[in-house]
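I opened the model today to look up its sheets, its helices and a few single residues. My notes follow in the order I took them.

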Amino acid sequence: MIIVHIISALPIGGAEKALFNLLSEDVGLSNKHIVISLSSQGFFGKKMIDIGVTVIALGIKNPLLSIFILVKLYRLISSIKPDIIQGWMYQGNLVAWVSRTFFCQKSTLIWGVRHSLSDIHKETLRMRLTIRANKVLSSNPDAIVYNSIISKGQHEEYGFCHKTSLVIANGFNTKIFSPPVTFSKPMRRQLSIPITSLVIGIFGRFHPMKNHKGFILAAIELLHLNEDIHFLLVGNGVDSNNIELNKLIPRQFRKSFHLLGAREDIPELMKVLDILCVGSQWGEAFPNVIGEAMSTGVICVSTDVGDSRHIIGNTGIVASFNDEDGLLNALKDAMFIPKEDRINLGKDARRRIINLYSIELMTARFIDLYSQLVNNKGRQ
C-alpha cells in the first residue's frame with residue numbers, strides 16, 4: 001500500500017515523533033510511506049529522509065498564498081494515487097480531507113487527533129476555528145484515530161463523529177529509551193550536578209500550556225526543604241535567554257536550575273533524572289515524555305491531563321487539578337520516596353511501557369487498521 005501522511009510541520013514535537021516512530025518500524029516492510037509537510041522539512045523531516053522515507057515540504061508561510069499550494073498538492077496526490085491519505089493533527093486533517101475529496105476520491109481517509117479538549121476556550125481563535133471545521137467534517141474520514149482515551153471522549157462530547165473512531169496509543173522505542181547501564185556520571189559532570197543530588201526534570205517547549213512557571217515555583221518550595229536538588233528544564237525556548245523564566249528563579253537558587261533549551265540528546269538526559277514532572281494545565285492528550293521517561297526507568301509526577309493517569313498507572317504520582325498545590329504536594333511525595341523504592345517503581349514503569357505502549361504494538365495496530373480499511377473499501 002501507498003500511504004501519504006499530511007502534517008502541518010515536522011519540528012521537534014509529540015505528533016511528529018509518533019509519526020517518525022511509526023515510519024521507522026514500517027519502512028521497507030508492509031507499506032510505502034510518503035510524508036507531506038505543509039511548511040518546512042524541520043527536525044523530523046531530516047530524520048525521516050535518513051531512514052529512506054520520501055518527505056515533501058510545500059513551504060507554506062502565508063495562508064493567503066495557500067491556494068497556489070493546492071495546485072501543487074493536486075499534482076502530487078494525482079501522480080502518487082495513494083491507497084490511504086492520513087492527516088496528522090487538525091490542520092493536517094483538513095488538508096487530507098481536501099486531498100481525498102477533490103484530488104483522489106478512491107483513497108481511504110484517516111484523521112489523526114492528538115490533542116485534548118479539556119477547555120477549548122483556552123485555545124487561540126485560529127485553533128478554535130480549525131477544531132470546529134474538523135468537527136463539521138468529522139463524518140467524512142473512514143477512521144478517526146485518537147492517541148488517548150480522554151481525547152476521544154472529549155472530542156465526541158464536543159460533537160465529533162463517533163462511528164469510525166478508535167484509540168491507538170503512542171508507542172515508544174524501549175531500546176533507545178532504556179535505563180543507564182551504569183550511573184550517568186559523565187552527563188552529570190557535564191551539567192555540573194553532584195552525583196548525590198536528586199534530579200527532577202520537565203521536558204517541553206515554552207508555552208503557557210506546559211506550565212513552566214508552576215514548575216519553577218514548586219521547585220523553589222522544594223529547595224527550601226532540601227537544597228540538594230537540581231532541576232532540568234529542556235525544550236524549545238526554555239533557555240538562559242528566557243527572561244520570563246529567569247526572573248522567577250531567586251539568585252541563591254540559580255545554580256540548581258539548568259535551562260537547557262532544545263536538545264537532541266533527550267535519551268541521555270533522561271538517564272540523569274530521578275523524577276520527571278509534567279505540569280501541563282490543558283491540551284495534552286498523550287504526553288510522549290511520560291512514556292520516554294518510564295521506558296528509561298524514571299518515575300513520573302504529572303497533572304491529570306490527557307491519558308497521564310492511564311499511562312502512569314501505579315508507578316508514579318498523578319496530581320489532581322482540584323488541589324491548588326497539587327503539583328507541589330505530588331513532587332514532595334515523590335521526593336521523599338526512598339531511593340530503593342524509587343528504583344523499583346522505575347523498573348515497574350519500564351515493564352508497563354514494554355507491555356502496553358511499545359513502538360512495535362503501536363505499529364502493528366496501524367498496519368492492521370490500514371489493511372482492514374483498504375480491504376473494506378475494495379469490497380464496496
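**Entry 1: His230**

I began with His230, which sits in strand S9. Helices (H or I, at least four residues) and strands (E, at least two) are DSSP runs, numbered from the N terminus. I kept in mind that this is a predicted model: local features need pLDDT of at least 70, side-chain atom pairs count only at pLDDT 80 or more, and totals for chains, interfaces and linings use all residues. Residues are numbered from 1 along each chain as its sequence is written, and side-chain values use heavy atoms, with hydrogens and water left out.

Is His230 buried or exposed? His230 counts as buried, because its relative accessibility is 9%. Buried means under 20% relative accessible area, exposed over 50%, and partly exposed in between (1.4 Å probe, protein chains only).

I then looked for a polar partner. The side chain of His230 makes a polar contact with the side chain of His258, at 2.8 Å. A polar contact is a pair of N or O atoms within 3.5 Å; within protein, one must be able to donate a hydrogen and the other to accept it, and residues adjacent in sequence count only if both atoms are side-chain atoms.

I also listed what His230 touches, not counting residues up to four places away in sequence. Among them are Ser192, Ile193, Pro194, Lys255, Ser256 and His258. Contact means heavy atoms within 4.5 Å.

**Entry 2: Val234**

Val234 is also found in strand S9. I noted Val234 as buried, because its relative accessibility is 3%. Leaving aside neighbours within four places in sequence, Val234 is in contact with Ile202, Phe203, Gly204, Leu260, Gly261, Arg263, Ile266 and Leu269. Val234 and Glu360 are 126 residues apart in sequence and 27 Å apart in space, C-alpha to C-alpha.

**Entry 3: the sheet that holds S9**

Which order do the 6 strands of this open sheet take? I read S10-S9-S8-S11-S12-S13, with parallel pairing. Two strands pair if DSSP finds at least two bridges between them. Strand S10 (257-261) and strand S13 (317-319) stand at the edges with a single partner strand each, so one side of each has no neighbour in the sheet. Neighbouring strands are turned by 20 degrees against each other on average, direction ignored. Axes are lines fitted to C-alpha atoms, for helices over the stretch in contact, and angles run from 0 to 180 degrees between N-to-C directions.

Helix H8 (residues 212-225) packs on this sheet. H8 touches strand S8 (198-203), strand S9 (229-234), S10 and strand S11 (275-278), and its direction makes about 170 degrees with that of S9.

**Entry 4: strand S12**

I followed S12 (residues 299-303) to S13: the two pair in the parallel sense over 3 bridges. Thr303 stands opposite Ala319 in S13, and Ser302 opposite Val318. Towards S11, S12 pairs in the parallel sense over 4 bridges. There, Cys277 stands opposite Val301 in S12.

How many residues of S12 are buried? I counted 5 of its 5. Ile299, Val301 and Thr303 point one way, and Cys300 and Ser302 the other way. In a regular strand the side chains alternate between the two faces of the sheet.

S11, helix H11 (residues 288-295) and S12 make a right-handed β-α-β unit. A crossover is right-handed if, with the strands pointing away from the viewer, the path from the first strand over the helix to the second runs clockwise.

**Entry 5: the 7-strand sheet**

I then went to an open sheet of 7 strands, in the order S3-S2-S1-S4-S5-S6-S7, with parallel pairing. Strand S3 (54-57) and strand S7 (165-167) are at the edges, each with a single partner strand, so one side of each is left without a neighbour in the sheet. The twist averages 20 degrees from one strand to the next.

Strand S1 (residues 2-7) runs parallel to strand S4 (residues 84-88), joined by 5 bridges. Val4 has Ile85 as its bridge partner in S4. Helix H1 (residues 14-26) packs on the sheet and touches S1, strand S2 (32-37) and S4; its direction makes about 165 degrees with that of S1.

**Entry 6: the whole protein**

Of its 380 residues, 53% count as buried.
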